[in-house]
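Visitor: I have a model open and would like to learn how to read a few of its features. Could you walk me through them?

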Amino acid sequence: MPTEEIRVRGTVQGVGFRPTVYRLAKACGLRGDVCNDGQGVLIKVSGSEEAITEFVARLQRECPPLARINQLTRIIYEGEFKFDNFVISNSVSNAIKTEITPDAASCPQCQQEIFDPFSRFYRYPFNNCTHCGPRLSIIRAIPYDRCNTSMSAFAMCPECAKEYHDVENRRFHAQPIACHACGPTAWLERADGKPVTASMFSMLDDVDAVCTLLQKGEIVAIKGLSGIHLACDATQEAAVQKLRQRKRRYHKPFALMARDIEVIEEYCTVNVKEKELLTSAAAPIVLLQASGKKQLSSSIAAGQNTLGFMLPYTPLHHLIMRRMNRPIVLTSGNLADEPQCIDNDEAREKLRTIADYFLFHNREIINRVDDSVVRVVGDKVKIIRRARGYAPAAISLPPGFHNVPQILAMGSELKNTFCLLREGEAILSQHLGDLENAAAFNAYQDTLNLYLNLFEHKPEVIAIDKHPEYISSKLGKELADTNKIKIYQIQHHHAHIAACMAENGIHLDSPPVLGIALDGLGYGDDGTLWGGEFILADYRKFKRLATFKSVAMIGGEQATYQPWRNTYTQLISAKLWDDCQQQYADLEIVKFLNKKPLKLLNQLIEKGINSPPASSVGRLFDAVAAAMGICREECSYEGQAAIAMEAIVDVRSLNNDKETLIYPFSFSILDSIYCIDPRPMWQALLNDLQQQISQPIMADKFHKGLANTIVEMVKHLCQENLINQVVLTGGVFQNCILLEQVSKGLQTLGIKVLTHSLVPANDGGLSLGQAVIAAAQLIHEC
């Protein structure tokens, strides 16, 4: 009888993979065993060649819902074989090469049980099985066994132990298995420290009481799967405003949770793809088009036409939302810009002035993981924030990258992630936030250390952004110096382009693509700030072919949060300010700017004092929005003005091909590369402002004019450089209108367009690009 050893790599631990192997092996009449180890799952089988072949085919077809097979190899087994049946053996510890499964939303069976009065899991907030529940958020080490998770604090009762060891049960080796008798518990506390008495609510339990508190307009901090959230009734303006003031998050949209799709459809239009995302195991926040059928608090997402909804993704959330027939706000439990709280004592200290009540539990959260955010553009899913439900699932690298050494890429300053490269795959961390905040940077270091330990990753190379002041780059240099390993400094926009190439499977040795990288800013090779770039690039090198005209950012970072600064410097750069004083003196924007200390601002520009030139398209959006009267004085978060301007565009007008509906730009040669000059656009915009053209029409004309300009530039560059493949990347391409208009224009020309889907177009995907560029350069050097 043939005997084989079958190695399976991928997402194969903690997802019911071994029971599936057991069931299929028995069905095929095979003898042998299956076990978890550091590389994945190892199977030894003996039987007829036909039976083994059938077993392997069925294993690939009947993979458990949360499992993913990346690689399956078969070799002849020549060792000692003592099995007269098929069994599941204990885990083996060796070199870590397996994956960690992302946290997964409650499966339908577990949901059904918590609402079944005859189930022993009735109203149990932590019900789970191998098809759902916590993974990354509770794990300390691999293999993914209970002793290596925060569930090690809870000894299984006899009934849970019986199900855990029953190979026919869906809870077989479900590491977080628990029930009322033996598992974690949840309880309610008042933020003021006073006792919570049963007579206050007369509810079923403390979890049920949360629903009543929310309906009464209270703010409740809820400890969930991988972090603590702040919740309130999304239909009560007073409650939402109270949460904004206390949290100090004055404008940024709040995420929402609704009991079911039917509730969401009372507020938004939801297509088939969006429903699939909402009900998937990842259960992300999905940005949906507001329908206007029913109104939420006007403070939920002021100035926007989309709402970010998610469905309950744990039993605890399902129980809270059972009686809630309207949406709730469910936003991260933190002060603005700080990391989300995950510890009970930390929450009591930091959130006591925000929340009225706390719903805590005693299962420790090991790894903080924010909610993921996604959007459907056309029929494609675009990840805006990659976190819960997606991280840290590995991303397979394109051909040519399978024999690179272990590489660590440190990511960016904002929207940070880091990336571990190993054996043909990239492990991207969850979203870690903006590292300018000290608490966020500390959390970044903690998470980095956790990943390096979990995956036993010992980097031989470190990749960092070229910006000398990025704190992630400084840490990377320290790590490289301490461990005496090679470091690569990667240009920001090259990394954006490479990330998109990698997730689209572009071969290591493929010819260059034309990358269009539009964002806020990144450190350029010439020491200036870039942000509107047309770059000929492969993984190893790049050449800047065209850019947008550089304009001073008065006050540096201040220009990101005070859009009027960008308007003024754009008008100065276009040599239109004198015209503004004469021909357009009655315009609101001109009157507004004349009240600013222009003499001082001019001196800062002329002397280059804290006013670096930048070719940023992100800041161009801000400048146009401010001129139109959108977020003119200030923004409370980056991109607020651009997002608000996108929201007012009448999408129907984009199909109008009349040239009069397009703001023009001009091309020139500057420093031996092509330069896009917005001066004609500003002249046309000032005329429209004088004629009191409506904001939606001006926003239409700007978006369409910018898209047409990009397409014309690409057409020229592709002909000149014999390119037929274009990458669209950078945070500006999260603007759906611009992305769709540019993609449509390029496809009409027969140009293949590559965009993001697995990682964010913004800086959240930057570390993947850094890692593959470092790998490519290392391979080239060798």
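Visitor: Let's start with a helix pair: how do the axes of α15 and α18 cross?

Guide: Axes here are lines fitted to C-alpha atoms, for helices over the stretch in contact, with angles running from 0 to 180 degrees between N-to-C directions. Helices are DSSP runs of H or I, at least four residues, and strands are runs of E, at least two, numbered from the N terminus. In this case the axes of α15 (residues 563–573) and α18 come within 12 Å and cross at roughly 70°. That puts α15 roughly perpendicular to α18 (65 to 115 degrees; under 35 counts as roughly parallel, over 145 as roughly antiparallel, the rest as oblique).

Visitor: Which residues make the contact?

Guide: From α15 it's Trp564, Arg565, Tyr568, Thr569 and Ile572, and from α18 it's Leu598, Leu601, Asn602 and Ile605; contact means heavy atoms within 4.5 Å. As for the spacing, an α-helix has 3.6 residues a turn, so residues three or four places apart point the same way.

Visitor: Before we go on, what am I looking at?

Guide: It's a predicted model, where local features need pLDDT of at least 70 and side-chain atom pairs count only at pLDDT 80 or more, while totals for chains, interfaces and linings use all residues. Residues are numbered from 1 along each chain as its sequence is written, and side-chain values use heavy atoms, with hydrogens and water left out.

Visitor: How many disulfides does the structure hold?

Guide: A disulfide is a pair of cysteine sulfur atoms within 2.5 Å, and the structure holds 0. Take Cys268: its closest cysteine sulfur, in Cys736, is 14 Å away, so that's too far for a bond. For Cys341 the closest is in Cys232, at 17 Å, again too far.

Visitor: Is Cys268 buried or exposed?

Guide: Buried means under 20% relative accessible area, exposed over 50%, partly exposed in between (1.4 Å probe, protein chains only). Cys268 is buried at 1%, and Cys341 is buried at 2%. Asn610, at 49%, counts as partly exposed.
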